[in-house]
Amino acid sequence: MPHRKKLKWYASAAYRIALIYSVVYAVTIAALGMAVYFAADAEISRQQDEGIRVEIVELADEYRREGLDDLVRAINAREAGGGSNSFSYGLFDARGKRMAGTLQIRAPAIGWHRIAVRERDDASVPARLFSTDIAPGLRLAVALDNHAIEQVDRTILALCLAAFALAIVVGAIGALMLGGYLQRRFEVVVATAVDIAGGNLGRRMPLGPRGDEFDRLGGALNAMLDRITMLLDNLRQISSDVAHDLRTPLARLRVEIELAQNGAPDPEQQRAALDRALRQSDELLRLFSAILRISEVEGGALERSFSTINVSALVEDLSESFAPAITDGGRTLTQSVVPGLSVRGDRELIAQALINLLDNAQRHTPPGTAIAILAERVSDGVQLIVADNGPGVPEADRERVVRRFVRLDSSRTNAGHGLGLNLVSAIAVAHGGRLVIGDNAPGLRVTLWLPTAS
């Protein structure tokens, strides 16, 4: 039995795939967190800028309505209001001298600036400032500290880092669990394959109730193993049956050769013995040709040559060809064919199958038997039927007669090797169909079902 070495986790494709997934998951979480961080920062900055513009507009309107003195009082009142007001103001004359407000800076240039403002506790905090001229020689600057946005940014960044760390932890745990699960499922497949390779051909993949991908894989492998087992059984059966069936004709062939070699020196007797030996050789060659033909059909390589076949015309042609020989044998042949029936397949193989069925019906029935060949349409395909009112086949033997080299006791006196129905069954399977042997009450009814041509 092959030795099965346990796979290390770091060499396992299952763990590797799971870890890659967890890394991608963590990186995705980090990317989403950074996107949220920058989007929130940009939105808060936009809202701050909008608040500064509103302050500028309101103070400019105050100046235009009430004049400079009211503007100064309005600035002082806003700064004295305290509370949650984070704005700082500066009003400068043409020489840059501060006229109102608490901004301890020189008159800034027009536009946006980043500065540091001093709060009441003498702490300096970064701020965003906008300045503009509200009148000739009169410049107004409004600043808003960034303390709030920095707090929000720090909070979002902390949450993103926490989410990233959590994603790493959860991803690592999930990777270990997923990797372990996948490895266990694959180990079952490996263990089963090792047992089968070790000679336990009856071992099969266990199937769960969920019907997931592993169960589907197991089902497909089990079907493959069943097919291999069947082929091996057939091979053993064929080897045994060939050896059994060849023993008698080979013994007869040897007897005929010995007679020709050691018999009386009569040329006519020697020629007769050689003729009998030749017939025995031809019979053996026909046997091997039939075996090779069945193997060729079961190999499945013939499907490349399939084409659409009018089986109605094929059945009519065969019926006309076989009718004289069947009539000469004291039997009758009738036909019932639905026109226009077509299947996809090999015309020669389907014809061979029908010829085998007609030959069996003629060979294994007594004179006076009525034989019928039918071609009819059913819901899911086409049925080609050969029926007779002869002795038929016992129900217990109907499945067995399809096997190779199987001959019933009643047919032992007839020529043949028991391969005719086996070839018909192989042809049916090669075309995606099936062979059904039933009762014609009385007689035998053999149905060759084939799918219709698409």
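**Exercise 1.** At what angle do helix α7 (residues 347-363) and helix α8 (residues 420-430) pack, and how far apart are their axes?

*Solution.* Before we start, a word on the ground rules: this is a predicted model, where local features need pLDDT of at least 70, side-chain atom pairs count only at pLDDT 80 or more, and totals for chains, interfaces and linings use all residues. Residues are numbered from 1 along each chain as its sequence is written, and side-chain values use heavy atoms, with hydrogens and water left out.

Step 1: α7 and α8 pack at about 150°, and their axes are 9 Å apart. (Axes are lines fitted to C-alpha atoms, for helices over the stretch in contact, and angles run from 0 to 180 degrees between N-to-C directions.)

Step 2: That angle makes α7 roughly antiparallel to α8. (Under 35 degrees counts as roughly parallel, over 145 as roughly antiparallel, 65 to 115 as roughly perpendicular and the rest as oblique.)

Step 3: On the α7 side, the contact is made by Leu349, Ile350, Gln352, Ala353, Asn356, Leu357 and Asn360, and α8 brings Gly420, Leu421, Leu423, Val424 and Ile427. (Contact means heavy atoms within 4.5 Å.)

Step 4: Sort these residues and you get eight nonpolar, four polar and no charged. (Ala, Val, Leu, Ile, Met, Phe, Trp, Tyr, Cys and Pro count as nonpolar, Asp, Glu, Lys and Arg as charged, and the others, Gly among them, as polar.)

**Exercise 2.** Find how many residues of α8 are buried.

*Solution.* Step 1: Eight of the 11 residues in α8 are buried, so this helix is mostly covered. (Buried means under 20% relative accessible area, exposed over 50%, partly exposed in between, with a 1.4 Å probe and protein chains only.)

Step 1: The buried ones are Leu421, Asn422, Leu423, Val424, Ser425, Ala426, Ile427 and Ala428.

Step 2: Look just past the end of α8, and Gly432 shows a positive phi of about 75°.

**Exercise 3.** Is α6 roughly parallel or roughly antiparallel to α7?

*Solution.* Step 1: Helix α6 (residues 311-328) packs on α7 at about 30°, with 11 Å between the axes.

Step 1: An angle like that makes α6 roughly parallel to α7.

Step 2: Among the residues making this contact are Leu314, Leu318 and Phe322 of α6, along with Ile350, Leu354 and Leu358 of α7. The whole set divides into 11 nonpolar, one polar and three charged.

**Exercise 4.** Is Leu253 buried or exposed?

*Solution.* Step 1: Find Leu253 in helix α4 (residues 213-262).

Step 1: Its relative accessibility is 14%, so Leu253 counts as buried.

Step 2: Leave aside neighbours within four places in sequence, and Leu253 is in contact with Ala277, Gln280, Ser281 and Leu284.

Technical notes:
Helix = DSSP H or I, 4+ residues; strand = E, 2+ residues; numbered from the N terminus.
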